[in-house]
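Subject: Structure handover

Hello,

Here is the structure you are taking over. Please open it beside this email and follow along; my notes on what was found come after it.

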Amino acid sequence: MDKENIIDKGGKEELVDQRGEISKQLSEENIENQSLGSDHIGIEMISVEPSVLYKAISKLKILGFNYLQCQGGYDEGPGKRLVSFYHLISLNDLDKIKEIKEVRVKVFLNRDSDLSIPSLYSIFKGSDWQERETYDMFGINFSDHPCPKRLLMPEDWRGWPLR
């Protein structure tokens, strides 16, 4: 999704920022990201480079996204990119459960390049097995993970079953 679109207002061109609120907040903190719009139920999605993932997730936690609901991966298809995604939820006030805010962060990796990204274990302990499963199925490496070994497949398994 374009960061800014030009809209013609009666002969006047006007720049309109199309990014979501979370993307804007990260940008204000000098954390580079790309807005991917919202999904079918309105959850904002953003993309970050592997080099800023840790900083972006740390900032999101400070902003109130204090629960990593899910970390996973997927393959976009033959010859295309591998993706590591993170679904974060803000559970600040459980009495107002209807106001839970969510965001999805994605890291796109070219399959022919370095498939390493920072582990989020030191921020969210619940990422432990989720990152191991993503490694096991797709071969995405999580640097600084405390136990970077296979979880689902035998230790001597070669390859990545879901690629």
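Start with Lys 59, which forms a salt bridge with Glu 29, the closest N and O atoms being 3.6 Å apart. A salt bridge here is a side-chain nitrogen of Lys or Arg within 4 Å of a carboxyl oxygen of Asp or Glu. Lys 59 lies in helix 2 and Glu 29 in the loop between helix 1 and strand 3, so this pair ties together parts that are 30 residues apart in sequence. Lys 59 counts as buried because its relative accessibility is 17%, while Glu 29, at 39%, counts as partly exposed. Buried means under 20% relative accessible area, exposed over 50%, and partly exposed in between (1.4 Å probe, protein chains only).

Before you read further: this is a predicted model, in which local features need pLDDT of at least 70 and side-chain atom pairs count only at pLDDT 80 or more, while totals for chains, interfaces and linings use all residues. Residues are numbered from 1 along each chain as its sequence is written, and side-chain values use heavy atoms, with hydrogens and water left out.

The other salt bridges

How many salt bridges does the structure hold? There are six. One of them joins the side chains of Arg 111 and Asp 75, at 2.4 Å from N to O. This pair also links distant parts of the chain, 36 residues apart: Arg 111 is in the loop between strand 7 and strand 8 (116-118), and Asp 75 is in strand 5 (residues 67-75). Arg 111 has 22% relative accessibility, so it counts as partly exposed. Another salt bridge is between Arg 81 and Glu 76, with 2.9 Å between the closest N and O atoms. Arg 81 is partly exposed at 33%, and Glu 76 is partly exposed at 30%.

The overall layout

The chain has three helices and nine strands. Both are DSSP runs numbered from the N terminus: helices are H or I with at least four residues, strands are E with at least two. Along the sequence their order is β-β-α-β-β-α-β-β-β-β-α-β. Of the 163 residues in the chain, 41% are buried.

The core

Which residues have the most contacts inside the largest nonpolar core? They are Leu 53, Ile 57, Leu 60, Tyr 86, Leu 88, Val 105 and Ile 117, in a core of 29 residues. A nonpolar core is a set of buried Ala, Val, Leu, Ile, Met, Phe, Trp, Tyr and Cys residues joined through side-chain atoms within 4.5 Å. Helix 2 gives the most to this core, with five residues. Ile 57 touches Leu 88, Val 105, Leu 120, Ile 123 and Phe 124, leaving out residues up to four places away in sequence. Contact means heavy atoms within 4.5 Å.

Ser 84

Ser 84 is found in strand 6. Is Ser 84 buried or exposed? Ser 84 is buried, with a relative accessible area of 0%. Its side chain makes a polar contact of 2.9 Å with that of Gln 71. A polar contact is a pair of N or O atoms within 3.5 Å; within protein, one must be able to donate a hydrogen and the other to accept it, and residues adjacent in sequence count only if both atoms are side-chain atoms. Beyond four places in sequence, the contacts of Ser 84 include Val 105, Ile 117 and Phe 142.

Regards
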